[in-house]
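Thanks for coming, everyone. Please take a look at the model on the screen, and then we'll walk through it.

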Amino acid sequence: MDTSVTPAAEENVWGGGNKPLGASYGKMMMWFFIVSDALTFSGFLAAYGFSRFKFIETWPIADEVFTHVPFFHGNYPMYYVAFMTFILIMSSVTMVLAVDAGHHMKKSKVVLYMFLTIIGGAIFVGSQAWEWATFIKGDYGALETKGGRILQFVNADTGERAALGDFAASIPDVRQEHLEQNGVWYYGDESSLPSYSLNEVVEGFKSNSNILIRTELLTDEQEKTLLTREESLEKIKDARIVVEGANLVRNEYGSRLFADFFFFITGFHGFHVFSGVVINIIIFFNVILGTYERRGHYEMVEKVGLYWHFVDLVWVFVFTFFYLV
Amino acid sequence: MAHEHKLAIFRGRLKFKSNTQKIWGVLIFLTLVTAVEVILGITKPYILTHKYFIGMKLLNWIFIILTLVKAYYIAWDFMHLRDEKSSLRRAIVWTPIFLVCYLIFILLFEADYIYTVYKDGFVKWNF
């Protein structure tokens, strides 16, 4: 097999024609890149493990955070992420099929399978964007104590989570959101006013006797600690800020590091998927133009395939450590 | 074109007639493993969440082992490591495994130490 576009005369040992370990230069470099990138991701995931072991008793439960499926209301833990995982594995399969078709020099099949791979990648990136949007928006809202811990609310009658809007009192307030047209203000503790002021939440909590507080602490049953009504009334005195949704500073799900790692690791992976889709598109057009047909081999498809499978491989680990464990 | 594929998986117990067939076979296997993971993640069987092995729940050990199984088949069959020379395969696989094991060992032990400092030491953080 010719591995290079250079004329055969230069295909000697010193001209780049040598293939140590039986892999061509390009494939070898792709493997080098993949190994170093794998170490980067390992570093991130190990750092995640570090923070998690450090706060092992208070870490948020993933099942209670990622419970949404697009177009459906209700509580569906993990189904959507499982679907995303399947999409990515499926696009990996179409990629292998493209590589296989390339080995047999079947151009039209390579085009078809590359196209399907790109579609799969696009669905995955879109799903991840949706996942981020849902995570940032949040669903129940919570209070933050002066120690930076999150207090969530539970309806004692149903045992289900209570949103701030379910019980918050309505107290007319003179406080207004600061707008840039009124001058620049650099004290950035809040980007926008939450839907309910702390006072409204606290007063509403006091007048609704069926609302209880849930702290970050995990019990022996691996559930969040539910305080009694008396303990709750005592605990709410520590509350300082209303938290809705998630940002890089605080989030309503619990430990601050949880959202930070979520944004960082899934974001870094999502960027890999995105760049993978872009590279796939470039190779896709090269295949259509017949570049590899003229070159005599489809090794470029194989190389971009290696990258694509690597992205899938990383997701398998992210899925386990973020959503399952 | 030197593209002979090794068409047997599960240590030769399952042989496929063509590379395409092998790809679909591996897909079915990976889907099954993912399905098992999701079912275990949703049901969380009592026995698995209350038994510990080296400081971690049995369920989490199962998740990690199944993940490594998936990673093996993605690397071996999708990334064609099965068809590469064993020297290349070893260079690719053992380098990260060694470094990652080392990193995990030091980071998790350090984290567990900090956890005990927060728990038993004179640091108040959960208030």
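Let's start with one term. A residue counts as buried if 20 or more other C-beta atoms lie within 10 Å of its own, exposed if 12 or fewer, and partly exposed in between, with C-beta atoms placed from the backbone. Now the ground rules. This is a predicted model, where local features need pLDDT of at least 70, side-chain atom pairs count only at pLDDT 80 or more, and totals for chains, interfaces and linings use all residues. Residues are numbered from 1 along each chain as its sequence is written, and chains are lettered from A and ligands numbered from 1 in the order in which they are written.

On to chain B. It has 4 helices and 4 strands. These are DSSP runs, numbered from the N terminus: H or I with at least four residues for helices, E with at least two for strands. Along the sequence the order is β-β-α-α-β-β-α-α.

What are the dimensions of the box that the C-alpha atoms of chain B fill? Roughly 70 × 35 × 20 Å, along the principal axes. The radius of gyration, taken over C-alpha atoms, is compared with a globule rule of 2.2 Å times the number of residues to the power 0.38. A compact globule of 127 residues would come near 14 Å, but chain B has 20 Å. Of those 127 residues, 16% are buried.

Chain B also splits into domain 1 (1–83) and domain 2 (85–127). Such bounds come from an automatic or database domain assignment. The two domain centres, over C-alpha atoms, are 24 Å apart.

Next, helix α1 of chain B, residues 19–43. The expected span is 1.5 Å times one less than the number of residues. For these 25 residues that gives 36 Å, and the end C-alpha atoms are 36 Å apart, so the two agree. Which residues of α1(B) are buried? They are B:Asn19, B:Lys22, B:Ile23, B:Val26, B:Leu27, B:Leu30, B:Glu37, B:Val38 and B:Gly41. They pack against α3 and α10 of chain A, together with β1 (8–9) and α3 (58–78) of chain B. Just after α1(B), B:Lys44 takes a positive phi of about 45 degrees.

Last, the contact between the chains. Two residues are in contact if their C-beta atoms, placed from the backbone, lie within 7 Å. Chain A gives 43 residues and chain B gives 46. On the chain A side, α1 (25–54), α3 (79–103) and α10 (299–324) each give two or more. The largest share, 11 residues, comes from α1(A).
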